[in-house]
Amino acid sequence: MSQKTPRSFFKPLSIGAPEPYRELPVKLERMIHFVPPHLDKVRAKVPDMAPTVDVILANLEDAIPADAKDAARAGAIEMANMYDWQGKGTGFWSRVNCLNSPWFQDDVSELVLKAGHQLDVIMLPKVEGPWDIHFADQYVAQLEAKAGLTRPILFHAILETAEGVARVEEIALASPRMQGISLGPADLAASRKMKTTRVGGGHPFYRVIEDPKEDGSARLSAQQDPWHYTIARLVDACRMAGINAFYGPFGDIGDLEACEQQFRNAFLLGCAGTWSLHPSQIAVAKRVFSPDPEEVKFARKILAAMPDGSGVAMIDGKMQDDATWKQAKVISDLADLVASKDPDLAAAYAG
Ligand SMILES: CC(C)(COP(=O)(O)OP(=O)(O)OC[C@H]1O[C@@H](n2cnc3c(N)ncnc32)[C@H](O)[C@@H]1OP(=O)(O)O)[C@@H](O)C(=O)NCCC(=O)NCCSC(=O)C[C@](C)(O)C(=O)O
Ligand SMILES: [Mg+2]
């Protein structure tokens, strides 16, 4: 596979386009809250919602009816100007329609030309390989130059095709614009021909069962996680590329307990955040993707016991070394970010 040279990898893809980032900006992205921009009533809530979430995403793709695509795009551009996103620190993203759709070109060109000064991330659906990223990369660079933008707009891909999973490492490495990748369980299930209509979470048919018993009594079985492999593969690809992995949607809006369990599985496996589709899921995402205060205190004990991050120490009977120091650093740095946005958690971490 032909690769760009290290130096040309970071070259702007259009004369006049902003320099690509060599290091991604450090942002709190515990939840990416989806908003249907064509619904006036929901769009009107954005200025009040923005301070309460880490990211607001104007969705133009699935869940937006075909006859509302123009209204959604106009609504997204209106959202860009409803709040001081760059000044107040809440991320402003938009999910555009897929690259082969009749709407992609207008979505991207209008967003960059009319809202690019406020837009942080363009979310690209149904990505199948690095070629999708390369195409969008140069197209956005041309538009950034035309709009006179001074800050590059980043990309976030959705992992929701079997081909995308087979190439997830190449997608993660395809451009300096890559900020992260989310799992898209609905389209991915369809693409893989999985036999489920659920959007994330477990399935009662996906289990393991113990051996038959001599007395013929009932055999214990346990439900397994059908997304374990994909999330772990996604995390490895993203962390290799220095970007973040995210869990995507949890569709059973009424079941917050199962939503929390799915978010928790993703958090523990290394995901940095999740999507929230409904206001009720925001608090769940915040609870799960903010490090637990006890974990933070223990992590800071490790950092204090090994100031230069090397050697070995015993803390509460557990061996700590260079590796656990790095794990503690991840948790402590995340806690600092959360504390800067959440005063109540700041107090809990300092307690
Ligand atoms: C599920 C729906 C229809 C239930 O909407 P509802 O109005 O029926 O819900 P509700 O409980 O009655 O709403 C209560 C209040 O919350 C408001 N509200 C409701 N939703 C939101 C929201 N998101 N943001 C802000 N406010 C919201 C709603 O307007 C109402 O306000 P009110 O009390 O003043 O009347 C609604 O929540 C919604 O449209 N959510 C977004 C769904 C979406 O974006 N789906 C696409 C992402 S998932 C996907 O694409 C898959 C993937 C990755 O591609 C792949 O796996 O393949
Ligand atoms: Mg999808």
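# Exercises on a predicted model

The magnesium ion (ligand 2) has two coordinating residues, Glu160 through OE and Asp187 through OD, at 1.8 to 2.1 Å. The model is predicted.

**Exercise 1.** Find where Glu160 and Asp187 lie in the chain, and decide whether Glu160 is buried or exposed.

*Solution.* 
- Step 1: Glu160 belongs to the loop between β5 (154-159) and α8 (162-166), while Asp187 is in helix α10 (residues 185-192).
- Step 2: The two are 27 residues apart, and the pair links distant parts of the chain.
- Step 3: Buried means under 20% relative accessible area. Glu160 has 4% relative accessibility, so Glu160 counts as buried.
- Step 4: Asp187 has 25% relative accessibility and therefore counts as partly exposed.

**Exercise 2.** Classify the aromatic pair formed by Phe104 and Tyr139.

*Solution.* 
- Step 1: The structure holds 11 aromatic pairs.
- Step 2: For Phe104 and Tyr139, the ring centres are 6.3 Å apart and the planes make an angle of 35 degrees, so this pair is tilted.
- Step 3: Phe104 comes from helix α6 (residues 104-115) and Tyr139 from helix α7 (residues 130-147), 35 residues apart.
- Step 4: Phe104 and Tyr139 are both buried.

**Exercise 3.** Which residues of the largest nonpolar core touch the most other members?

*Solution.* 
- Step 1: This core has 69 residues, and those touching the most other members are Val108, Ile122, Leu124, Ile133, Ile181 and Phe263.
- Step 2: Apart from this core lies another, of 11 residues, including Val55, Leu57, Trp93 and Met123.
- Step 3: Return to Ile122. Leaving aside neighbours within four places in sequence, the contacts of Ile122 include Ser94, Val108, Val140 and Phe155.

**Exercise 4.** Over which rings do Lys69 and Lys318 lie?

*Solution.* 
- Step 1: The charged end of Lys69 is placed over the ring of Trp103, 5.0 Å from its centre.
- Step 2: Lys318 lies over the face of Phe298, at 5.6 Å from the ring centre.

Note on methods:
Residues numbered from 1 in each chain as written. Chains lettered and ligands numbered in written order. Predicted model: local features only at pLDDT ≥ 70, side-chain atom pairs only at ≥ 80, totals over all residues. Heavy atoms only, no water. Core = buried A, V, L, I, M, F, W, Y, C linked by side-chain atoms within 4.5 Å. Buried < 20%, exposed > 50% of the residue type's maximum accessible area, 1.4 Å probe, protein only. Contact = heavy atoms within 4.5 Å. Donors = N, O, S within 2.8 Å, 3.2 Å for Na, K, Ca; no water. Helix = DSSP H or I, 4+ residues; strand = E, 2+ residues; numbered from the N terminus. Phe/Tyr/Trp six-rings, centres within 6.5 Å; stacked < 30°, edge-to-face > 60°. Lys NZ or Arg CZ within 6 Å of the ring centre and 35° of its normal.
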